[in-house]
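Please have the structure open as you read.

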Amino acid sequence: MRGAGGTYLAALAAALAFFLAGCTPGSSRLDGTPAIPRRDPFRYRALEAQTKARTAQQAPRRAEPPRRAVEVPPPAEPGWMPTVPERPWQWIVIHHSATAYGSAAIFDDWHRNGRHWDELGYHFVIGNGTNSGDGAVEIGPRWVKQKYGAHTKVWNREEYNQVGIGICLVGNFDKSAPTPAQRDALVRLADWLATRYRIGEDHIIGHGDVADTHCPGRYFPRAEFFQQLQAKRAARQR
């Protein structure tokens, strides 16, 4: 009996252990579905990190847009920066005076008394060393007032005066070229104006490009001027 009873008790204990095992993690439930194993936080955290790393490596990377060069604006020289509301300038028109000498004051007198204009028609005059300094940029009253120009009259095309900046270099460039100082001053001034008012090179013109005149003269170094302007702008890019 003891042997049989001991065997019975052992079998009963084994059955009870088997029954209880169905409620413990890692075994099958009573309905036959597997139980969810207990997660080891350290082990699974490492596995999840590895999975994310592999997924990131396999995922196609988006192409980064090319970086655009940032153009640093050139510094304004004294008097160039307007102190009144600025006009929406769209053109730069280059002239020569067609005279061997001159200055802003002399041309202002000619325009007032000879042509009966209200004042100097240009916005800027660049001297050649006769009546003003060689390469000196003289600022006309129209620029100070941000007033329309009186330098490029074209039938049915008022924009060259209304929103066009007139720059006159003293000299007759049908006979000789502008001085190096004048060329350098013109590049600096045109560079600043074009950058500030976002004027493209196709809107930087000579008077004769839109009117029946030789201005600014056959010896005006157009190609060299644009090369120097482009080089100056490129040097400022970063």
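A charge sits over a ring if NZ of Lys or CZ of Arg is within 6 Å of the ring centre and within 35 degrees of the ring normal. Arg 87 meets this for Trp 89, lying over its face at 5.9 Å from the ring centre.

The model is predicted, so local features need pLDDT of at least 70 and side-chain atom pairs pLDDT 80 or more, while totals for chains, interfaces and linings use all residues. Residues are numbered from 1 along each chain as its sequence is written, and side-chain values use heavy atoms, without hydrogens and water.

**Aromatic rings**

The structure holds 10 aromatic pairs (rings of Phe, Tyr and the six-membered ring of Trp with centres within 6.5 Å; planes under 30 degrees apart are stacked, over 60 edge-to-face, the rest tilted). Two of them involve Trp 143:

| Pair | Centre distance | Plane angle | Class |
|---|---|---|---|
| Trp 89 and Trp 143 | 5.7 Å | 25° | stacked |
| Phe 124 and Trp 143 | 5.0 Å | 45° | tilted |

Phe 124 lies in strand S2 and Trp 143 in helix H4, 19 residues apart (DSSP runs numbered from the N terminus: helices H or I, at least four residues; strands E, at least two). Phe 124 is buried with a relative accessible area of 0%, and Trp 143 with 1% (buried is under 20%, exposed over 50%, partly exposed in between; 1.4 Å probe, protein chains only).

**Strand S4**

Phe 124 also has Ile 167 in S4 as its bridge partner.

Technical notes. Pairing = 2+ DSSP bridges.
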